[in-house]
Amino acid sequence: MSESRKLTRRQVLQGTAAAGALSMLGNWEWIGEAWGASDKVKMGFIFVGPRDDYGYNQAHFEGKAAVAKLDWVKAFDEEKVPETIEVQKTMESMVKLDGAQVLFPTSFGYFDPHILKVAPQNPNILFLHCGGLYQDGKHPKNVGSYFGYIDESQYVAGIVAGGMSKSGKLGFVAAKPIPQVLRNINNYTLGARSVRPNCTTNVIFTGDWSLPVREAEATNSLVDQGIDVITCHVDSPKVVVTTAEKRGIYCTGYHCNQSKLAPKGYLTGAEWNWAKVYMDYAEMIRKGQTVPHLVRGGLKEGIVKVSDYNQVVTEAVRKQADAAKDKFMSGGMVVYKGPIKDNTGRVVVAAGKEHVQTDMWLESMDWLVEGVIGSTKS
Amino acid sequence: MEVGWWGVLIAVLGGAIRIGTPFLFVSLGECLTEKSGRINLGLEGTLVMGAMTGYAVSLHSGSPWLGVLCAGLAGMVLGALHSWLCSFRRVNDIAVGIAMMLFGTGLAFFLGKPYIQPSAPRLPSIDLGAWSDIPQLKAALQINALFLMGIVVAIALAWMLKNTAWGLKVRVVGESADAARALGLPVDRIRILSTAQGGFLAGIGGSYLSLYYPFNWSEGLSSGQGLMAVALVIFARWHPVGCLWVSLLWGGAAALGPSLQSVGITGGYYIFNAIPYIMTLAVMIITCSPKRTLVGVPHELTVTR
Amino acid sequence: MSIAVPQTLNKALEPFLIIVGSLMVSMVLFGIFVASAGADPFEVYQTMYRAAFGTSFSWQNTLIRAAPLMLTALCTALPGYLGLIIIGGEGAVVMGGLFAAVAALTMPTAPPMVVLTTMAVVGMVAGGLWLTIGGALRHYRAVNETISSLLLNYIAIAVLNHLVTSTFRDPESLNHPSTHHIGEANMIGVIPGTDLHWGLVFGIVACVMTWFLMHHTVFGFASQIAGGNVRAAQIAGLPVGRLILIICFVAGAAGGLAGMVEVAAIHGRANDTLNANYGYAGILVAFVARNNPLAIIPVAVLLGGIRASSGLLQRAHELPDATVLVMQGIIFLVILFSETLYGRFSKLQKQGAS
């Protein structure tokens, strides 16, 4: 996997030759610059939504902005690319016209079939997919996937939530019941129940990643039911956080730091730190090192982090949260240690069994842990 | 405090007002426009443009109410543009409406980029529920003055159309352009003015979304409210006060899905969330019939031809 | 004093000149727009041209986006002949794609051609029936078809999401609920020598066939009469109701076929990405093409080209994605406005010659 990933001069010339006579009217300066400076690492980023959504896409954009500051990197991005054949064309365009050596399609739905179709046609380009599950032998060799165990941050946030809640009722506004979301819900609940065994989490699924009105309604409904700490897993937590602040309850954030939106109620939050991932990849490529196919990491590896605590968070709760954080940092924390039951009473992790963070079993989670009020069926 | 199933009722009540207010303004605007014989499908673009303008002006000026006013003005400009384009012979107003939708939405997203991050001052609420001890009921009745204004506008509009000379002119133009011309009425000017006024109301409706509920400017803010308004006007039989009831009904139906989940009804939430649309369709099927066709429709509307 | 232009040439020249003129005016307006946003309009034009039509890669990018639009535009164009304004293409696409995917799963051992044919038929029937609901409601209950087709779009999307996440869900498709894959062998392939799948050909063929249907058959002729004046048609004994239902079915079938192609050529499964706004884009194509199926082909290519340029505009000029929306809006507003110019030129010519 360490062969050169730069475009060969022949590929460049072939591309130009295909341009055709009619295109001679053009001003070629900006394209020439991209192809000429062949000592820069060229990274292309693709976002499924707007890059300033105060949430998922923004977290990636902030990572891209951080790596773009390095003067030996040329980074470019495209936002609002849907998960249809359009993303295939975007990827191809980034390779052909911008000379990208590595692409970061950051939405889950880009993987199958889009990356799987384009990657074999461009064997010299690296396709690093966020959230995917690379399988050796099954997927092309120039594909890789990376993700972070943000559920670790949610676990810590859950501790803070459970500790600070007066009613013992937590709320979770989620988009869809897919494994990555369920893992967050479960971790939040397990974290909360580790300091307050009887607390519950009410889940409302909105059905899609970005539905501001429905997210606001869900938040209001949850507050009506007595919930006093709320969190979410949607593309843009802005609505949930501001609605929670208006209703006067606490909240914990997700993706990015939303504390400015809720100065009174934002207790803490689970944040991505994609800058670290992108910088690491850039370094590896510059040095010509082998890029691993599967990158995963949590608090310890610095891929995710926990927001600073709000000043209202009590000393006792801070201690509990910090203790958990330390355990994650040292690698000693196992969240899924049996016996664990789901919310229908079924035993999902037997007594004595444990599933460490990297266990693939966790990536196909389809149940909600005991203490969660809600269902994965739609 | 535990409210259980009462929570659903409270959510529906609160939702009727919370979610219904933008629909109220947009449908009143469309109602006025259609009374003059013009159909404006571009209100979706107007709504989004109003939302963005309101948010931006509120941020820059510090006054959310100024934002609301400017949102209305932006809507007025778009409405006037729509109607001016349609006043030319052979220009199809439904097609123009859809093109305006694209244009208005695109313009709003384009200009609105710098405003997604910052937090603008929010419109204040009025505590109608202060008499209650139940916090949930209090929250549900915490409404915005725009809702009350909307009620006033609905009544005023109804009165205006029935009792003033201007209202009569608008209605004549909407029923029969030929008759209007025979009377010497400037058909196009009246339509442009009505559509502009309609756009003004729609712009205000949009500003409610971004400055009050869900209080956010982002590119996913609207979920088709502008288009639905056209359906609501038909549903309301072109009566402004009917638009009020229909908007409340719609708002309540839209709040049903999430609130059912909060009490544990978790199955079929996609279907529950589609209830407003199913309900509108069902009502239209029941109340329309070939004999009566569309009672109350202004006959100049292209949808009747 | 004017050049005496023969009538026939004048007839063909008029739409051509008006459309070309409209495009030029739109480009100027758009240029002013981007200039006010700080970009150089001429560079923007060049980028758009390059991205849409400049290289063979660009052409393929454009055509692949145009392909579904050719089919979904028919959902609006065909009922337009009858004077119906239906905007339910999105619903037809979604239903067609969903049921085509499910149909493929009922025959796991059949040879690919059989599977694909079945998928196409099922997709067309599903889409056709969905759009016919709107037509039937209009004919039997006088429910406005624009509104009912719009509502049915939302309902179709809800049904799609519900079924794909429950009844038809593939348990393996954890992070993106979808139906089971139809099987690699059953996927529609690419046209040899290109990167384009056969869906493009389906689109062109459908447009040509429906054009023939509407302009060279008794059925088409009858529909145009009914569209012009319903009362006259009924008096003449034309079965207006039947015409409405059949045309809506054919229109919906085109949309359903587009959905089937999305599944069989690109995804291999049905999931929420079927709701890709092809239906809504098709509405504009239909209006600009003035409901003529042959004109739909170049208009779809134009719109495909505009959308194809979005990516490069973002990367080369730092313009947001919304720029392309504004461009589409401007072009279509100008072209729709130019409708009013038809007939004015020939008046001028006649005045000049006499």
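Trainee: What makes strand β9 (residues 250-255) of chain A mostly covered?

Mentor: Welcome! In this predicted model, six of the six residues of β9(A) are buried. Buried means under 20% relative accessible area, so strand β9 of chain A counts as mostly covered.

Trainee: Why are strand β8 (residues 229-233) of chain A and β9(A) said to pair?

Mentor: Pairing needs at least two bridges between two strands. β8(A) and β9(A) have two bridges, in the parallel sense, so they pair. As for a bridge partner, A:Val229 has A:Tyr250 in β9(A).

Trainee: Now to the other chains. How many residues make the contact between chain B and chain C?

Mentor: Chain B brings 43 residues and chain C brings 44 residues. The area buried between chain B and chain C is about 4100 Å², and carbon and sulfur atoms give 79% of that. On the side of chain B, the most area is lost by B:Leu102, B:Phe110 and B:Tyr270, together 17% of what that side buries.

Trainee: Which helix of chain B gives the most to the side that touches chain C?

Mentor: That is α4(B), with twelve residues. The residues on this side of chain B divide into 32 nonpolar, eight polar and three charged.

Notes:
Residues are numbered from 1 along each chain as its sequence is written. Chains are lettered from A and ligands numbered from 1 in the order in which they are written. This is a predicted model: local features need pLDDT of at least 70, side-chain atom pairs count only at pLDDT 80 or more; totals for chains, interfaces and linings use all residues. Side-chain values use heavy atoms; hydrogens and water are left out. Contact means heavy atoms within 4.5 Å. Buried area is the accessible area (1.4 Å probe) that two parts lose on being put together, summed over both. Helices (H or I, at least four residues) and strands (E, at least two) are DSSP runs, numbered from the N terminus. Ala, Val, Leu, Ile, Met, Phe, Trp, Tyr, Cys and Pro count as nonpolar, Asp, Glu, Lys and Arg as charged, and the others, Gly among them, as polar. Buried means under 20% relative accessible area, exposed over 50%, partly exposed in between (1.4 Å probe, protein chains only).
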